[in-house]
Amino acid sequence: MKRNVSVIVGLAFMIFGRFLPAFPGLSASGMQVIGIFIGTLIMWLTIAINWPSLLCIAMLAMVPELTLNKLLVAGVGNSTFSFLMFTFMCTYAISKTQFVKRCAIGFICSRLSRKGSWWFLISYCASVLVVGMVMSPVVLFVIYLPILDAICKELGLTKDDSLANALILGQLICVGMACGMTPIAHVFPIMAMGFYQAATGKAIGYGSYMSFAIPVGLICFIALILLFRFVLRPDMSKIASLDFDALEKTVTPMDKYEKSVLAIFFLVIVMWVVPDFIKGILPGVSKFFAKQGTAFPPILGASILCLLTLDGKPLLDFKEAMSKGLDWSSIIMAAGTLALGSAMTDKTIGLTAWISHTIAPALSSMSFTMLVLVLVAWAAIMTNVSSNMVTVTVVTAIAIPLCNATNGAVNTAVVVSLIGMIASYAFATPPAHPAVALAIGSEKTTTLQVLKYGGSMMIVSIIVAVAVGYPLGLLAL
């Protein structure tokens, strides 16, 4: 019944949106696009994110000013679609190695971690943060679960132990923060950057994004540790019994396969990040990578992984990667949201011009700092109660014309980047992200506890993003 109601209501908006009385100054096609947007949003939130995205593209093709070919170019043909597909392939190859476990155990058993119980907790959370900067958040969280189980078993921790609570909460929150700190293998920042490029024709460099997103993440990480130290106050006494040497022995030596995959993945990261920093030294090289776009490094990396063999087998089996390594639901939704974003910013539709004209009176009475705060807070709250992708799509669709209407007083590129970043900080409620459900399902934390600490970190992230992220972004973009 719930599904049927959602489908009927969603289709009603999609089909009859054009025939509703138009808002003053908005065309019938603009109303049709709004109707399709609302109908798709209803289905995204209540049914699924995959097939409604395909339906969205099909319905947009019925808007007189748009064509299916144009929408496919904006969606499936967009470089963001290819970026996601080939990046998932590269990270799938990484997930088949012990790289993540090796990094985690390396942090946990480091000399610093052995100095004291709080250093152990900090090292555990820091390992998630560092590895998460180049890994899919869901994949990383799943890989870390057996490591956490082994630690809890070794220490004799039960689900009611405050230390177990701190470890799982730290793992959950750090996975989200790491996702926002870099665009590498992370859907939400990339989507926001893609929307900005589609609307303005200008690209946001990886290095520029990371120059303010990483400091924001690090400050939030410090705030998380302080929250644990003075609010959660876990009982750290059992850490003294942890056998670090035994834990280290669970990791086997790095083999040729892992070394080869890591070398290729490192090359991909270098091609993403370095060009932004060598403009003055090697302008030709920097210009080449800027011209090729963000999809070039992962497609080259995936090709090399499929090309090279070890013991008669390719480093990456293409068929296996396509069937097991790709999150097709996320990729298809990205195509739908890109097509929808293209339609909403299409000049012939006039929706962005209408939004800019409509909100002009409100802008005149609102300070620019308050505008940034409202948009960032909106994204943070929405991503913690609904889909991250929906959040990026909705908030950037409004933010781009809103910021452009300030005639440069508010930097659109920085605001859009902050929306993509803060949309990753989803750790307060079960609908926010699959990792939240997994954390609660592990029975090492509760829904109320996640809401308490995840909600607190959401507020912290809003403040840090506006007070630190935006000023640093102005220097970078």
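Let me start with lysine 96, which forms a salt bridge with glutamate 320, the closest N and O atoms lying 3.3 Å apart. By salt bridge I mean a side-chain nitrogen of Lys or Arg within 4 Å of a carboxyl oxygen of Asp or Glu. Lysine 96 sits in the loop between helix H5 (79-95) and helix H6 (99-108), and glutamate 320 in helix H16 (residues 318-325), 224 residues apart. Helices here are DSSP runs of H or I, at least four residues, numbered from the N terminus.

This is a predicted model: local features need pLDDT of at least 70, side-chain atom pairs count only at pLDDT 80 or more, and totals for chains, interfaces and linings use all residues. Residues are numbered from 1 along each chain as its sequence is written, and side-chain values use heavy atoms, without hydrogens and water.

The salt bridge count is six. Another of them joins arginine 114 to aspartate 245, again with closest N and O atoms 3.3 Å apart. Arginine 114 is in the loop between H6 and helix H7 (117-132) and aspartate 245 in helix H12 (residues 244-248), so this pair ties together parts 131 residues apart in sequence.

Next, lysine 444 pairs with aspartate 149, the closest N and O atoms being 2.7 Å apart. Is lysine 444 buried or exposed? Lysine 444 is buried, at a relative accessible area of 11%, while aspartate 149 is partly exposed at 37%. Buried means under 20% relative accessible area, exposed over 50%, and partly exposed in between, with a 1.4 Å probe and protein chains only.

Last, helix H20: 15 of its 17 residues are buried, so H20 is largely enclosed by the rest of the structure.

Methods: Helix = DSSP H or I, 4+ residues; strand = E, 2+ residues; numbered from the N terminus.
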